[in-house]
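Q: Can we go through this one together? I have a few quick questions.
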Amino acid sequence: HPNFNANVTAEDDHCSPTGADIPYFKVERSDDKTLTDKYPAGTTVITWWFKDNALVQNEIGCPQNVVVTDSAGPKFDCKSEDRTYEIETGCTFSSDKVEWYVPSPTDNCDGDDPKNMVFTLILQQMKSKTEVKPGTSAEKYVYNTNTLQYSPVIPDLVAGIHKASWVITDSKGNESDSCTFYVHVKDTIPPRPVCPEGVNVNAP
């Protein structure tokens with residue numbers, strides 16, 4: 001917590017010696033906690049109260065803002081192992097069958113309540129693990145922790161390499177470190193040739 005000390009100089013107080021220091025006699029926090037308690041993210045107002053040496057002892061409050069900025073992003077265990085799937089039918093693999101490993105983050109201010117955070121999955125088709133597939137761009141999908149659904153819906157994956165990255169954002173807009181893994185989709189279905197029908201030929 002911050003270190004505090006407060007005095008005022010009685011230069012304009014006609015009932016106190018000019019230049020004398022008047023110590024505060026009480027201090028209040030806007031959140032009703034004690035001065036030495038931890039301060040939450042945001043602005044907390046501290047009011048220092050002083051009174052002079054007059055018989056009536058006039059009181060005056062001096063407000064002070066304590067601003068705490070949250071700049072730390074959420075933390076979570078990153079499961080960065082590659083995943084490999086084989087197309088069973090058609091020419092794509094169902095995204096519903098992919099294990100995306102939704103993170104379980106914690107945050108220094110939001111705690112572990114996912115309702116206060118935004119879960120974003122970023123997908124990018126790759127030519128290799130180090131080269132983006134030409135003509136493609138990264139797409140973002142937000143995971144709803146209540147409905148357990150993505151918005152927009154993740155399309156089925158074509159054969160190839162897909163780079164997937166999780167980023168979690170807390171209620172103050174701070175982002176976590178990115179957690180990246182690769183999804184390999186293999187097409188193992190061989191072509192099915194259409195053979196021509198037999199031809200009957202009369203011998204000469």
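A: Before we start, a contact here means heavy atoms within 4.5 Å. This is a predicted model.

Q: Fine. Which residues does Thr44 touch, leaving out those up to four places away in sequence?
A: Thr44 touches Arg29, Ser30, Asp31, Tyr39, Gln64, Asn65 and Val66.

Q: Where is Thr44 found, and in which strand?
A: Thr44 is in strand E4, which covers residues 42-51.

Q: Buried or exposed?
A: Thr44 has a relative accessible area of 3%. The cut-off for buried is under 20%, so Thr44 counts as buried.

Q: Step back a bit. How many helices and strands does the protein have?
A: Zero helices and 14 strands.

Q: Cysteines next. How many disulfides are there?
A: The count is one disulfide. The disulfide joins Cys78 to Cys179, with an S to S distance of 2.0 Å.

Q: Where do the two ends sit in the chain?
A: Cys78 is in the loop between strand E5 (59-68) and strand E6 (83-86), and Cys179 is in strand E14 (residues 179-186). The two are 101 residues apart, and the pair links distant parts of the chain.

Q: Why is the disulfide right-handed?
A: Because the torsion about the S-S bond of Cys78 and Cys179 is about 85 degrees.

Q: How accessible are Cys78 and Cys179?
A: Cys78 is partly exposed at 39% relative accessibility, whereas Cys179 is buried at 3%.

Q: What about Cys91 and Cys109?
A: Cys91 is exposed, with a relative accessible area of 57%. Cys109 is partly exposed at 38%.

Q: Back to strand E14. What can you say about His184 there?
A: His184 is found in strand E14 and is buried, with a relative accessible area of 18%. Among the residues His184 touches are Asp82, Arg83, Thr84 and Tyr85, along with Lys129, Gly160 and Ile161.

Q: What joins the side chains of His184 and Asp82?
A: A polar contact of 3.2 Å. His184 and Asp82 are 102 residues apart in sequence, with 7.5 Å between their C-alpha atoms.

Q: Last topic, aromatics. How many pairs are there?
A: The structure holds five aromatic pairs. One of them is Tyr143 with Trp166, edge-to-face, 6.4 Å centre to centre and 85 degrees between the planes. This pair links strand E10 (residues 139-144), which holds Tyr143, to strand E13 (residues 160-169), which holds Trp166, 23 residues apart.

Q: How buried are Tyr143 and Trp166?
A: Tyr143 is buried at a relative accessible area of 13%, and Trp166 is buried at 0%.

Q: Which residues form the aromatic cluster?
A: Phe119, Tyr143, Tyr150 and Trp166 form one cluster.

Methods:
Residues are numbered from 1 along each chain as its sequence is written. This is a predicted model: local features need pLDDT of at least 70, side-chain atom pairs count only at pLDDT 80 or more; totals for chains, interfaces and linings use all residues. Side-chain values use heavy atoms; hydrogens and water are left out. A disulfide is a pair of cysteine sulfur atoms within 2.5 Å. Helices (H or I, at least four residues) and strands (E, at least two) are DSSP runs, numbered from the N terminus. Buried means under 20% relative accessible area, exposed over 50%, partly exposed in between (1.4 Å probe, protein chains only). A polar contact is a pair of N or O atoms within 3.5 Å; within protein, one must be able to donate a hydrogen and the other to accept it, and residues adjacent in sequence count only if both atoms are side-chain atoms. Rings of Phe, Tyr and Trp (its six-membered ring) pair if their centres lie within 6.5 Å; planes under 30 degrees apart count as stacked, over 60 as edge-to-face and the rest as tilted.
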